[in-house]
Amino acid sequence: MTTIKIFDTTLRDGEQSPGCSMNLQEKIEVARQLEKLGVDVIEAGFAISSPGDFQSVKTVAETVKNARVASLARALKKDIDSAYEAVKGAVSPRIHTFLATSPIHMEYKLRMKPEDVLAQAVEMVKYAKSYCADVEFSAEDASRSEPEFLFRVFEAVIAAGATCINVPDTVGYSMPEEFGALIKSIKENVRGIEKVDLSVHCHNDLGLAVANSLAAIRAGATQAECTINGIGERAGNAALEEIVMAVATRQDFFGYTTNINTKQIYNSSRLISAITGVPVQPNKAVVGKNAFAHEAGIHQHGVLANKKTYEIMTPESIGLPENAIVLGKHSGKHAFCERLKELGYVLDEQRVNESFERFKELADRKKEVSDMDLRALVEMERFEIPMDYEFDTFVINSGNKMTATAVVKLMHDGKEIEEAATGDGPVDAAFNAIERCIGESFTLEDYIVRSVTGGKDAQGEVVVKLSKNGKNVKGRGLSTDIVEASVKAYIDAINRYFYQTKVEG
Ligand code: KIV
Ligand code: ZN
């Protein structure tokens with residue numbers, strides 16, 4: 001059976017979208033998870049865009065062993081030089097170069113004549129090829145390009161040595177039938193197309209990125225470019241989990257497979273959401289909280305009689321084990337570790353011990369500890385950094401007819417610092433007290449609170465995004481008390497700010 005290649009661009013197209021930026025440590029964590037997921041290509045970034053991007057592409061390239069690692073490059077020598085420098089340490093490096101081919105991009109953005117675009121594409125593919133055997137060429141805005149011109153460009157870059165040609169629907173303009181027909185026409189009209197991978201890269205401006213990618217696969221595309229949770233420029237990219245599960249669930253229709261270990265889909269989605277602080281909408285296909293929930297009585301009745309009445313794929317197939325064993329304060333380390341393994345987490349001993357300690361603290365506050373609680377605990381451990389300021393205690397006084405007051409105590413260099421402050425509510429007062437303890441102020445860019453599970457004793461998870469001096473940081477906090485979770489998240493973000501300042505200057 002033909003295998004469709006999955007090219008993941010979460011670390012490039014995904015990361016460049018607003019609110020989704022990641023630091024080096026987070027990018028490596030994502031790359032490792034993508035490797036576990038089994039993607040064929042990881043686009044690690046756009047090396048020339050900043051020294052930070054260059055460093056992260058290089059580190060990812062040197063870390064990943066079981067996937068190709070690509071860097072994006074405009075069709076310019078300096079970009080290609082930088083991309084190659086960054087990926088050359090990879091087991092399987094790829095240079096991904098692009099140039100726009102649509103009339104509107106050529107006239108207004110590039111200010112180039114079509115013949116010059118064609119010549120530059122060929123010259124730069126040859127240049128990239130002088131460094132690297134694996135070269136992908138993307139015709140930016142391909143779906144709004146003149147098909148005849150597109151065929152000529154593709155034919156010429158294949159002759160120049162491209163190993164993969166990519167057809168982006170850059171602005172999410174295409175309709176599935178139309179996009180499928182474009183792919184078919186490329187297969188019929190481009191000499192040499194059978195020797196290379198034919199890739200598609202669809203944006204979601206009209207909500208059709210996955211539909212367009214699937215239409216392209218049906219029409220003969222051999223690679224799909226996508227991101228976890230569909231993050232990406234504007235309305236995002238095609239969601240990896242949706243493409244993969246459509247191909248797997250409807251193998252009868254497509255007759256194809258992928259190399260993806262679908263059981264790692266759920267953990268991958270959680271990781272991206274935890275790192276970016278961007279929640280997954282509850283009704284999101286495949287990975288949303290409600291994707292496998294059956295609310296209507298008639299549906300519940302059907303599912304109890306036979307799951308297939310309303311379930312076209314199983315929760316287990318994406319890594320959501322069904323027998324949600326609930327742990328409690330009497331559960332031992334063995335049961336805890338076994339459950340983590342079943343949930344797909346492979347942790348070293350130190351992380352297991354730290355997570356187990358937090359689990360015990362939680363089990364003292366909460367009667368039943370569910371899988372969702374465990375996931376939240378483990379994800380919290382994942383992003384530990386050295387803490388300059390440690391949270392100790394807080395006291396809040398607040399009500400509807402009084403000014404909220406908070407007293408917060410932190411530990412710094414073995415000393416206690418305690419400050420009081422007022423605010424517009426308990427959380428604002430607590431944040432003000434923290435800033436007084438530290439003696440610096442920050443801009444709160446975003447504050448997100450959600451409950452990890454249902455129930456009155458549910459844990460609250462808080463993400464805060466802060467900025468100062470051009471740096472953006474995120475912090476997370478977890479507690480059955482949402483003010484405590486907020487305090488922890490704020491202190492976590494501040495510690496990350498100081499850590500980043502130390503590391504990056
Ligand atoms: O959307 C797009 O056209 C891109 C290309 C650089 C592949 O991201
Ligand atoms: Zn894109």
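Colleague: Is histidine 201 buried or exposed?

Modeller: Histidine 201 counts as buried, because its relative accessibility is 6% and the cut-off for buried is under 20%. Bear in mind that this is a predicted model.

Colleague: Which protein donors does the zinc ion (ligand 2) have?

Modeller: Three residues supply them: Asp13 through OD, His201 through NE2 and His203 through NE2. They lie 2.0 to 2.1 Å from the zinc ion.

Colleague: How are those donor residues spaced in sequence?

Modeller: The pattern is D-x187-H-x1-H. Aspartate 13 sits in helix H1 (residues 10-14) and histidine 201 in strand E7 (residues 197-202), so this pair, 188 residues apart, links distant parts of the chain.

Colleague: And aspartate 13, buried or exposed?

Modeller: Buried, because aspartate 13 has a relative accessibility of 3%.

Colleague: Next, H9. How many of its residues are buried?

Modeller: Eight of the 10 residues in helix H9 (residues 209-218) are buried, which leaves the helix mostly covered. Among them are Val210, Leu214 and Ile217, but also Asn212 and Ser213.

Colleague: What follows H9?

Modeller: Glycine 220 comes after the helix, and its phi is positive, near 120°.

Colleague: Which residue other than glycine has a positive phi, near 70°?

Modeller: That is valine 286. It is placed in the loop between helix H12 (265-276) and helix H13 (297-305). Valine 286 counts as buried, because its relative accessibility is 6%.

Colleague: What about asparagine 229, what is its phi?

Modeller: Asparagine 229 has a phi of about 65°, positive although the residue is not a glycine. Its loop runs between strand E8 (223-226) and helix H10 (240-249). With a relative accessible area of 13%, asparagine 229 is buried.

Colleague: Changing topic. Where is isoleucine 42, and what does it touch?

Modeller: Isoleucine 42 is in strand E2 (residues 41-45). Leaving out residues up to four places away in sequence, isoleucine 42 touches a list including Asp8, Leu11, Leu34, Val60, Val64 and Val69. Glu35 and Arg68 are also among the residues touched. Its relative accessibility is 0%, so isoleucine 42 counts as buried.

Colleague: How far is isoleucine 42 from valine 473?

Modeller: They are 24 Å apart in space, C-alpha to C-alpha, and 431 residues apart in sequence.

Colleague: And alanine 421, where does that one lie?

Modeller: Alanine 421 lies in strand E12 (residues 415-423). Its relative accessible area is 6%, so alanine 421 is buried. Not counting residues up to four places away in sequence, alanine 421 has contacts with Ala404, Thr405, Ala406, Ala429, Asn432, Ala433 and Arg436. From alanine 421 to alanine 248 the C-alpha distance is 56 Å, and the two are 173 residues apart in sequence.

Colleague: Now helix H6. Is glutamate 123 buried or partly exposed?

Modeller: Partly exposed, because glutamate 123 has a relative accessible area of 46%. Helix H6 covers residues 114-129. Alanine 119 is also placed in helix H6 and is partly exposed, with a relative accessible area of 42%.

Colleague: Why does the radius of gyration agree with a compact globule?

Modeller: For 505 residues a compact globule would come out near 23 Å, and the protein chain has 25 Å, so the two agree. Of those 505 residues, 56% count as buried. Residues 24 or more positions apart make up 65% of the contacts with a separation of 6 or more.

Colleague: And the surface and the charges?

Modeller: The accessible surface is about 22500 Å², with 51% of that belonging to carbon and sulfur atoms. There are 59 positive and 73 negative side chains, and the centres of the two sets lie 2 Å apart.

Terms used:
Residues are numbered from 1 along each chain as its sequence is written. Chains are lettered from A and ligands numbered from 1 in the order in which they are written. This is a predicted model: local features need pLDDT of at least 70, side-chain atom pairs count only at pLDDT 80 or more; totals for chains, interfaces and linings use all residues. Side-chain values use heavy atoms; hydrogens and water are left out. Donors are N, O and S atoms within 2.8 Å of the metal (3.2 Å for Na, K and Ca); water is not among the atoms, so sites may look incomplete. Helices (H or I, at least four residues) and strands (E, at least two) are DSSP runs, numbered from the N terminus. Buried means under 20% relative accessible area, exposed over 50%, partly exposed in between (1.4 Å probe, protein chains only). The radius of gyration is taken over C-alpha atoms; the globule rule is 2.2 Å times the number of residues to the power 0.38. Contact means heavy atoms within 4.5 Å. Accessible areas come from the Shrake-Rupley method with a 1.4 Å probe; for residues, only the protein chains shown count as cover. Lys and Arg count as positive and Asp and Glu as negative; His and the chain ends are not counted. The place of a charge is taken as NZ of Lys, CZ of Arg, CG of Asp or CD of Glu.
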